[in-house]
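I opened the notebook to go through this structure one feature at a time. Here is what I looked up.

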Amino acid sequence: MTKVAVLGAAGGIGQPLSLLLKLDDNVDDLALFDVVNVPGVGADLFHINTDAKISYHLKSDDNGTGLQNALQGADIVIIPAGVPRKPGMTRDDLFKINGGICADLATGIATTCPEALVMVISNPVNSTVPIFAEVFKKHGSYHPKRLFGVTWLDSVRANSFMAQVSNSIPSSLDVKVVGGHSGDTIVPLYSVTAAQEYGRLSEEQESALIHRVQFGGDEVVQAKQGAGSATLSMAYAGYRFLRTFLEIDDDAEELPVESCYIPLDDSIKGAKETKAYLKELTGEDIEFFAMPCELSFDGVEAIQFDLLKNANEKERELIKVCANTLTGNINKGVSFIKG
Ligand code: APR
């Protein structure tokens, strides 16, 4: 029996994400939580005759126990709660509002379902994931293997944009993206994971492609003309990342591998090597980084560190730029809780 809780389920990302989860046969119990509008979303989804059981909870329900009720017994918690980016707003501008929302939700998880896999979509992910980590530490319920920033959208975009420029089939590509989840912290490892297609591009095409992946979110913000940021593609990416866990086959010889933004905690296989490599390359002590990871229902089993070592010169330069910005983003998240 798998229970998934969606926190921020009535939002632009939360609604399509909840729909995709309602359609998934591997979800037995789907709990929707929000501060507004969630009864309508829940009632609407309830009419779909798939087997996932729906419950919906407002923060204000039952003297404020809505969050607890949503989280009770959850195996996986996915979090698109927050405010979206408006034109001219960077992800970091969102930080203060979303940081507070994330700290509250993290407290709820720490006290209600501390063993759950926690998948953070709320931006700025580079800083909100460290907020979750710090809150969990405070409550003595920090499981670094089980905390993820969802960066799958960067891989989705890296594949789609490469397919367009190289005239290849989007679904045939599986580009791994490392680093963080905003602007110049996003580093697609094209030379390692799409070498053939990458080799066919001119230098101008390469640079334009990398820039487009790094700032793909802005394309959507501008096109939506004030109506928000990426929702449908983000919901898809969040669902696909979560689905990886729902589909884990205990008898399979190999674990699935996906990129996600995780704590580089020494308890995780490959974390020490990744940190040491990043320190040597960039001079920074980096505590959170998106890497391709081998995943099981227990969380990250191992970081695929070797991919990093194979990055080409240009990608190594991108990692240096990433490290500089990312370190600041991480510190911002940590000091939001620690002061
Ligand atoms: N607890 C739960 N839900 C909350 C809370 C809270 N404390 N505060 C806000 N929400 C809900 C809102 O009520 C809304 O339904 O989160 C939802 C956010 O939805 P939208 O405003 O439509 O934003 P969306 O486009 O879905 O983006 C959500 O994901 O990618 C990020 O930058 C994006 O941080 C933003 C988040």
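What volume does the largest pocket have? I got about 730 Å³ for the largest pocket. The model is predicted, so to speak of local features I need pLDDT of at least 70, side-chain atom pairs count only at pLDDT 80 or more, and totals for chains, interfaces and linings use all residues. Residues are numbered from 1 along each chain as its sequence is written, and side-chain values use heavy atoms, with hydrogens and water left out.

**Terms for the spaces.** On a 1 Å grid over the protein atoms alone, a cavity is a set of points where a 1.4 Å probe fits but cannot get out, while a pocket is an open set with protein on both sides within 12 Å along at least five of seven lines; lining residues have an atom within 4 Å of a point. Points are joined across faces, edges and corners, and a volume is the space filled by probe spheres set on them.

**The pocket.** I found 40 residues lining the largest pocket, with Pro80, Ala81, Gly82, Val83 and Pro84 nearest its centre. The elements giving two or more residues to this lining are β2 (29–34), α5 (95–112) and α7 (152–166). Helices (H or I, at least four residues) and strands (E, at least two) are DSSP runs, numbered from the N terminus. The largest share, 4 residues, comes from α5. I sorted the lining into 19 nonpolar, 15 polar and 6 charged residues. Here Ala, Val, Leu, Ile, Met, Phe, Trp, Tyr, Cys and Pro are nonpolar, Asp, Glu, Lys and Arg are charged, and the others, Gly among them, are polar.

**The domains.** Where does the largest pocket lie? It lies between domain 1 (3–149) and domain 2 (152–338), because both give residues to its lining. The bounds come from an automatic or database domain assignment. The C-alpha centres of the two domains are 22 Å apart. Domain 1 puts 45 residues into the contact and domain 2 puts in 48 (contact means heavy atoms within 4.5 Å). About 3900 Å² is buried between them, 69% of it from carbon and sulfur atoms; buried area is the accessible area (1.4 Å probe) that two parts lose on being put together, summed over both.

**Salt bridges.** I searched the whole structure and found 13 salt bridges, each a side-chain nitrogen of Lys or Arg within 4 Å of a carboxyl oxygen of Asp or Glu. Between domain 1 and domain 2 the count is 1. I also looked up glutamate 301 with lysine 145, a salt bridge whose closest N and O atoms are 3.7 Å apart.

**The cavity.** How many cavities of 30 Å³ or more does the structure hold? I counted 1. The largest cavity has about 40 Å³ of space. Its lining includes Ile109, Cys113, Phe136 and His143, and divides into 7 nonpolar, 2 polar and 1 charged.

Most residues other than glycine have a negative phi, and most peptide bonds are trans. Asparagine 123 and proline 124 are joined by a cis peptide bond, with omega about -5°. Proline 124 sits in the loop between β5 (117–120) and α6 (125–138). Asparagine 37 is not a glycine, yet has a positive phi of about 60°; I found asparagine 37 in the loop between β2 and α2 (38–46).
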